[in-house]
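The sequence and model are shown below.

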Amino acid sequence: MTQNVKKEDGKKLDVVQFLISNALIILIIASAIFVGIQNPKFFSMANIKNLLANTSVRMIIALGISGVLIMRNNDLSAGRQVGLAGCICATLLQRADYAEKVYKNLEPMNMWLVCILVMIGFALTIGIINGLVVSKLHVPAFIGTYGMQTVVYGIALIYTGAQPIGGLVPEYTDWAAGSFLNIPLLPNLAIITFAAMLLFWFLYNHTPYGKKMYAIGGNPDAAEVSGINTTKMTIISYMIAAATFALAGFMLGAKAGGTSSNLANGYELFAIAGCTIGGVSVSGGTGKVSGILVGVLVFEILKIEMTFLGIDTAWTYIVQGVVIVVAIALDIRKYIAKK
């Protein structure tokens, strides 16, 4: 009798713990059902396509930042990196006849070559610098990457002359709305993101890099004693992150049809919150690609819900800020409970 009661109590406690840990996700799902009942267009194909397009770019950023978070670091320069990458891609893909072309004598390049070169360039410069600052100079990741955020923004202002960039070649902008698979509901942005998710899933679960990454996040000292080169791993994680931020900039520029130095400002906070909601702990050592997707979707669905409810944009920022704080608080609560 006593054992049964204990088992039942244990199950009840597990249910309560589950509800608390996933409170935000449950709340968003419930509110989505409510909004869908109030306005059937919420579940329309057009809105779903819009959700997929918006989620795609943010998911790419979240994937990049997830590896850094799992290893107990952070990257507050992510949004500015996305913005600078978008600006660089845009200047290299402006029409030759565009009157306000930033670099008059520069002919538009092949867009895929631009994407690859910018990704490699970011990984080799910003990624390595961030990694060295955190691992070699032992500057806290929060401070080091905040400094990089400011530097990258300054570079973007100088590079663009603080002017918006338009007149992009149609191949670039049309690509964002098109579909490789000729499925209207599945834009190219979503296809690229799905491919990136598969790549990161494989990287995290079936490679030595993934095993070392989780080991460092779980216990950095033990990982180093076991022979893992934590400095090298930290630099690689920031390089991978920088490459994904560059890809996100390429995608966002195509989606928006133009860029500016303020492109993607603040996106790193939403990416971090999305990761945290999806189970990537800021304390390191845990996180899954599937969970990251759920976390990012929660944020996007929340924004769309508030739009359909006609809530003022100012309140949208307030609600998103509260969600970020709650997400981090719940994550810290889990960490304390484990200890």
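**Helix α3**

Helix α3 covers residues 45-70, 26 residues in total, and spans 35 Å between its first and last C-alpha, close to the 38 Å expected at 1.5 Å a residue. That expected span is 1.5 Å times one less than the number of residues. Helices here are DSSP runs of H or I with at least four residues, numbered from the N terminus.

A kink of about 25 degrees is centred on S56 in α3; the bend is the angle between axes fitted to the seven residues ending at a residue and the seven starting there. Because 20 of its 26 residues are buried, α3 is largely enclosed by the rest of the structure. Buried means under 20% relative accessible area, exposed over 50%, and partly exposed in between, with a 1.4 Å probe and protein chains only. After α3 comes R72, with a positive phi near 70 degrees.

**Basis of the model**

The model is predicted: local features need pLDDT of at least 70 and side-chain atom pairs pLDDT 80 or more, while totals for chains, interfaces and linings use all residues. Residues are numbered from 1 along each chain as its sequence is written, and side-chain values use heavy atoms, without hydrogens and water.

**F299 in helix α13**

F299 belongs to helix α13, residues 289-308. With 4% relative accessibility, F299 counts as buried. Leaving out residues up to four places away in sequence, F299 touches F270, A273, G274, I277, Q320, V323 and I324, where contact means heavy atoms within 4.5 Å. F299 and I28 are 271 residues apart in sequence, yet 8.7 Å apart in space from C-alpha to C-alpha.

Technical notes: Helices (H or I, at least four residues) and strands (E, at least two) are DSSP runs, numbered from the N terminus.
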